[in-house]
Amino acid sequence: MSFIEMKNICKKYVGADKNSVTDFNLNIEEKEFIAFVGPSGCGKSTTLRMIAGFEEITSGELKIGGKVMNETAPRDRGIAMVFQNYALYPHMTVEKNISYGLKNMKVPADEIKKKVDWAVKILGLEEYRKRKPKNLSGGQRQRVALGRAIVKNQKVFLMDEPLSNLDAKLRVSMRSEISKLHRELGSTTIYVTHDQVEAMTMADRIVIMKDGIVQQVGKPMELYEHPVNKFVAGFIGSPQMNFYDVTVDGNTVQFADGSKIILPENIIAKLGGKKDGLILGIRGEDIKLDAQNIDLYKDSVQHAVVENTEVMGNENNLYFNFGGVSTVARVSKYEISQIGDRIDFVFSPARIHFFDKATEKSLF
């Protein structure tokens, strides 16, 4: 039996034409870190709020620790929640913000002090404990919100886009802090984000949602390497996977602009004889410009003119038109190209994905 079980969970608001969440099924093990990810409006926060008890479940069953929680009040579900907007009391100091929930729970004063001292220390807030929120940075406020949650000693932590208000540098450092905190506490964490990088770097498993429906559940690299459909393939990974409309004739793949590549028989065989209505997908790092790959796949060398570049420091992104669409190749920092340069490149055959154009499902 899993620690959290969600069976056929649906949410439909009064007056709505369709469900906000449809047939959500997921088993979460104790101490797992699960990320719900997807574009705005996909239902991830609504699902989290149903787990918390802030939203009523229209149909389906939610169990935590083997107990059905559908009708259980939020305070009795054994959860702690961290919100996007911190929700700190502006007139209270750091330590009073952290201790406020414990006082409401009638926890003895000496125990409150121990818990607050522990939280302040583990979160690096010792020198700020007498400050009020207005005198804290965004990252410090977020740590206070985390402190208020962890002192309750709950088995489940729910986090709803807690880092979205922070700048890029702070988000990176806070990702590391939250991951470390999760390991130290041994809690079960469900983390909602629209940022696939956060999900990839923090979670044990990721739930990808679109239009209220789960698209795929898996470990980060499973989703990256084996997306079940075009949406997942395009959502996971940065820069986004390149997609092309293609047809297949024998071992030859033809693109919309007339370009052709030759693929090995073992890859073509996976298409099951399908020739039309295909989408080819390939990630930027699997478009190769080096001499070794050019020579290895010399029968499929393509040409293009660089239209834009992004120098990332450790790598470069090259943008050019190929196959009738804008394409990006992710290359090493040593493969320097300028706008207007003519480049030769090949697709790494083993890294190519094919999707059915009608259903957008992966074909292998």
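Tutor: Terms first. On a 1 Å grid over the protein atoms alone, a pocket is an open set of points with protein on both sides within 12 Å along at least five of seven lines, while a cavity is a set where a 1.4 Å probe fits but cannot get out; lining residues have an atom within 4 Å of a point. Grid points are joined across faces, edges and corners, and a volume is the space filled by probe spheres set on the points. The model is predicted: local features need pLDDT of at least 70 and side-chain atom pairs 80 or more, while totals for chains, interfaces and linings use all residues. Residues are numbered from 1 along each chain as its sequence is written, and side-chain values use heavy atoms, without hydrogens and water.

Student: OK. What volume does the largest pocket have?
Tutor: About 490 Å³. Its lining has 18 residues, with Phe54, Ile79, Ala80, Met81 and Lys152 nearest the centre.

Student: How does that lining divide by class?
Tutor: Twelve nonpolar, three polar and three charged. Here Ala, Val, Leu, Ile, Met, Phe, Trp, Tyr, Cys and Pro are nonpolar, Asp, Glu, Lys and Arg charged, and the others, Gly among them, polar.

Student: And the second largest pocket, which residues are closest to its centre?
Tutor: That pocket has a volume of about 230 Å³. Of its 13 lining residues, His226, Ala350, Ile352, His353 and Phe364 are closest to the centre.

Student: Now cavities. How many of 30 Å³ or more?
Tutor: One. The largest cavity has a volume of about 50 Å³.

Student: Which element gives the largest share of its lining?
Tutor: H5, with four residues. Helices (H or I, at least four residues) and strands (E, at least two) are DSSP runs, numbered from the N terminus. The lining of the largest cavity has seven nonpolar, three polar and no charged residues.

Student: New topic. Why is helix H1 called largely enclosed?
Tutor: Because seven of the nine residues in H1 (residues 44–52) are buried. Buried means under 20% relative accessible area, with a 1.4 Å probe and protein chains only; exposed is over 50%, partly exposed in between. Lys44 is one of the buried residues of H1. Just after H1, glycine 53 has a positive phi of about 95°.

Student: Last one: serine 2, buried or exposed?
Tutor: Buried, at 9% relative accessibility.

Student: What does its side chain make a polar contact with?
Tutor: The side chain of glutamate 29, at 2.7 Å. A polar contact is a pair of N or O atoms within 3.5 Å; within protein, one must be able to donate a hydrogen and the other to accept it, and residues adjacent in sequence count only if both atoms are side-chain atoms.
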